[in-house]
Amino acid sequence: MKTTAVMAMLLLVLLAASLLALAHGEVWLNPLATGEERWRDTVLWEIRLPRVMLAILVGGVLGLSGAALQGLLRNPLADPSIVGVSACAALGAVIVLYSGLASLAWFSLPLGGMLGAGLSVVLVYLLAGSRSSVFSLILAGMAVNAFVGALIALVLNVASNPFAMSEIVYWLLGSFANRSLQDVMIAGPFMLAGSLAVLTAGRYLDALSLGEETATTLGFDPQRWRWIVVGGVAASVGAAVSVSGNIGFVGLVVPHLLRPLVGHEPRRLLWVSALGGAILLVLADMLVQAISGRVELKLGVITALIGGPFFLYIIMRTRSSEW
Amino acid sequence: MVSELRADGIGFRYRDVPVLRDVSIALGRGETVGLIGPNGAGKTTLLKILAGLLSPGAGEVSLGGAPLPDLHENQRARLLAYLPQGAPAHWPLSVERVVELGRIPHRAWWQPLAEADQAAVDKALAATDAERLRGRIVTTLSGGERARVLLARVFATEPGFILADEPVASLDPFHQLQVMDTLRAHACANGGVLVVMHDLNLAARYCDRLVALDRGQLVCEGPPREVLEDPALAAAYSVRIDVVEEGDGLWVRYR
């Protein structure tokens, strides 16, 4: 299928899913009709809209980052969590929560997430070296992940009271509940800017399919382009994690589902993965709300429950077939 | 037109191990030069330095008089193509898409494949006898088929100079000759070809000039016969080399 046709189709699906998500809730509301009651507007545009917007933005960022990192690392199992970005962003946000800085200013939580993500990039580069091969980048990401995981555990371990601890844990699980337009406004620009940077790297990722040396001799400065991709992923995922918590596996699953439609060229996968990720999270968030009882299920829990087995499935397929 | 790729006084070390010492080499338009020497002589390292993939510890590489690092990446990519040894293909892309990657230096990112690009791709596929592979998936090809497809990618760039690292290593006899013919044709069309080879017979038959390296140093260079008969070359390979002229060319026997 032509990539443009797939994109048009995905856009339509995203539009439909978003309208459905706006309409769906405790009470069904028609987002296209103008209503008279004030509560109706409040529910639609101040409660549901930010949630849907965040689902679109975060889903788009995660889908795009997954596709970009898979292209960069030339590995269909890559995901933002692999280079340590997600974990570091989570650590940044957890520190802000734990230290009480979160109550200091409304922007401190997103800022913490982005600082964490930025730190992960610096760490990975210090570990892997600036002229690193992709392999050492993966190893550095693993090391960062392990260490940051330990730091998060440490923060939880020394948390002053059970309440702070449960708040941190709940937040780590990942959710779009109770987010406001302000969250969208703070994190949105970083998600968009980072994503734009990643989207410019499509041709470099295509060239990389013949290896780093060939890509370099085709006219790409490998250091600069690696920075653009990893930096873009860090900014966008850092901002995303800081508003939504950890929502895993989207970046892994989405490109995999879309390859049969657009082929394996990394550049073609970027835009469609962004759209696919957005659709997936809008629908998943709706599902979470629909099946939740008194205790709302966290979106990150659902994506992990579905994504974990899917991850195993891909590994088994990868071992037996074309890769 | 950029007339020459040259390297002067190249020195290179991996950590503390000297790999190249004071090597100078020039590649002009219209010539096919064979880079020969025993394993570990530094041939691949020299080729990577010429391609701009490694920066030399000493000496300078220049393209048409301008130092290689001063050239814009895109400009360099259009003039100088490099075929690594056993290059990977990481995704199951169609052969046509792989060859199209060779056109990247010729178009900006927003430009679709133009007619000239398509023509270059077709020509490259024809030159490497890879036309019938066009629709195949590159990861399912045999080693020799893939080698030809990757060579087609190099030709699709329509570069001035081609640096090829053992392009015939995994090919059957027919395709060895065919690939060497194609590289030679590129030189005859006023391009420059520098090719790393292990088969001295092919080197003798197809190259205008041979450059021999041993343990990081230039051993000898010149017309094939002269180089092959040089006792220094035999010493470098630790074998006896006999060159006989028979029929249409030189034949090399070593024992």
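Mentor: Two residues are in contact here if their C-beta atoms, placed from the backbone, lie within 7 Å. Please keep in mind that this is a predicted model.

Trainee: With that cut-off, how many residues does the contact take from chain A and from chain B?

Mentor: The contact takes 18 residues from chain A and 23 residues from chain B. On the side of chain A that touches chain B, the elements giving two or more residues are α8 (202-208) and α9 (212-217) of chain A.

Trainee: Which element has the largest share of that side of chain A?

Mentor: That is α9(A), which supplies four residues. By class, the residues of the side of chain A that touches chain B are four nonpolar, seven polar and seven charged.

Trainee: Turning to the whole chain, how many helices and strands does chain A have?

Mentor: Chain A has 13 helices and zero strands. The pattern along its sequence is accordingly α-α-α-α-α-α-α-α-α-α-α-α-α.

Trainee: And what box do the C-alpha atoms of chain A fill?

Mentor: Along the principal axes, the box is roughly 65 × 50 × 35 Å. The radius of gyration of chain A is 20 Å, which agrees with the value near 20 Å for a compact globule with 323 residues. Of those 323 residues, 50% count as buried.

Trainee: What share of the contacts in chain A with a separation of 6 or more comes from residues 24 or more positions apart?

Mentor: Such residues account for 79% of those contacts in chain A.

Trainee: Let us look at α3 of chain A. Is it largely enclosed or exposed, and why?

Mentor: Helix α3(A) is largely enclosed by the rest of the structure, because 12 of its 15 residues are buried. Among the buried residues are A:V85, A:C88, A:L91, A:V94, A:V96 and A:L97.

Trainee: How far does α3 reach from its first C-alpha to its last?

Mentor: Helix α3 (residues 85-99) of chain A reaches 21 Å, close to the 21 Å expected at 1.5 Å a residue. Just after α3(A), A:G100 takes a positive phi of about 85°.

Trainee: What about α6 of chain A: what should its 12 residues span?

Mentor: At 1.5 Å a residue, helix α6 (residues 162-173) of chain A should span 16 Å, and its end C-alpha atoms are 16 Å apart, which agrees.

Trainee: At what angle do α2 and α11 of chain A pack?

Mentor: Helix α2 (residues 38-73) and helix α11 (residues 250-262) of chain A pack at about 75°, with their axes 7 Å apart. That angle makes α2(A) roughly perpendicular to α11(A).

Trainee: Which residues meet there?

Mentor: From α2(A), the residues include A:G59, A:L62, A:G63, A:G66 and A:L69, and from α11(A) they include A:V250, A:G251, A:L252 and A:P255. The residues of this contact divide into seven nonpolar, six polar and no charged.

Trainee: Now for the other chain. What is the secondary structure of chain B?

Mentor: Chain B has nine helices and 12 strands. Its C-alpha atoms fill a box of roughly 55 × 45 × 35 Å along the principal axes.

Trainee: How does the radius of gyration of chain B stand against that of a compact globule?

Mentor: A compact globule with 255 residues would have a value near 18 Å, and chain B has 18 Å, which agrees. Buried residues make up 46% of chain B. Among its contacts between residues at least 6 apart in sequence, 64% join residues at least 24 apart.

Note on methods
Residues are numbered from 1 along each chain as its sequence is written. Chains are lettered from A and ligands numbered from 1 in the order in which they are written. This is a predicted model: local features need pLDDT of at least 70, side-chain atom pairs count only at pLDDT 80 or more; totals for chains, interfaces and linings use all residues. The expected span of a helix is 1.5 Å times one less than its number of residues. A residue is buried if 20 or more other C-beta atoms lie within 10 Å of its own, exposed if 12 or fewer, and partly exposed in between; C-beta atoms are placed from the backbone. Axes are lines fitted to C-alpha atoms, for helices over the stretch in contact, and angles run from 0 to 180 degrees between N-to-C directions. Angles under 35 degrees count as roughly parallel, over 145 as roughly antiparallel, 65 to 115 as roughly perpendicular and the rest as oblique. Ala, Val, Leu, Ile, Met, Phe, Trp, Tyr, Cys and Pro count as nonpolar, Asp, Glu, Lys and Arg as charged, and the others, Gly among them, as polar. The radius of gyration is taken over C-alpha atoms; the globule rule is 2.2 Å times the number of residues to the power 0.38.
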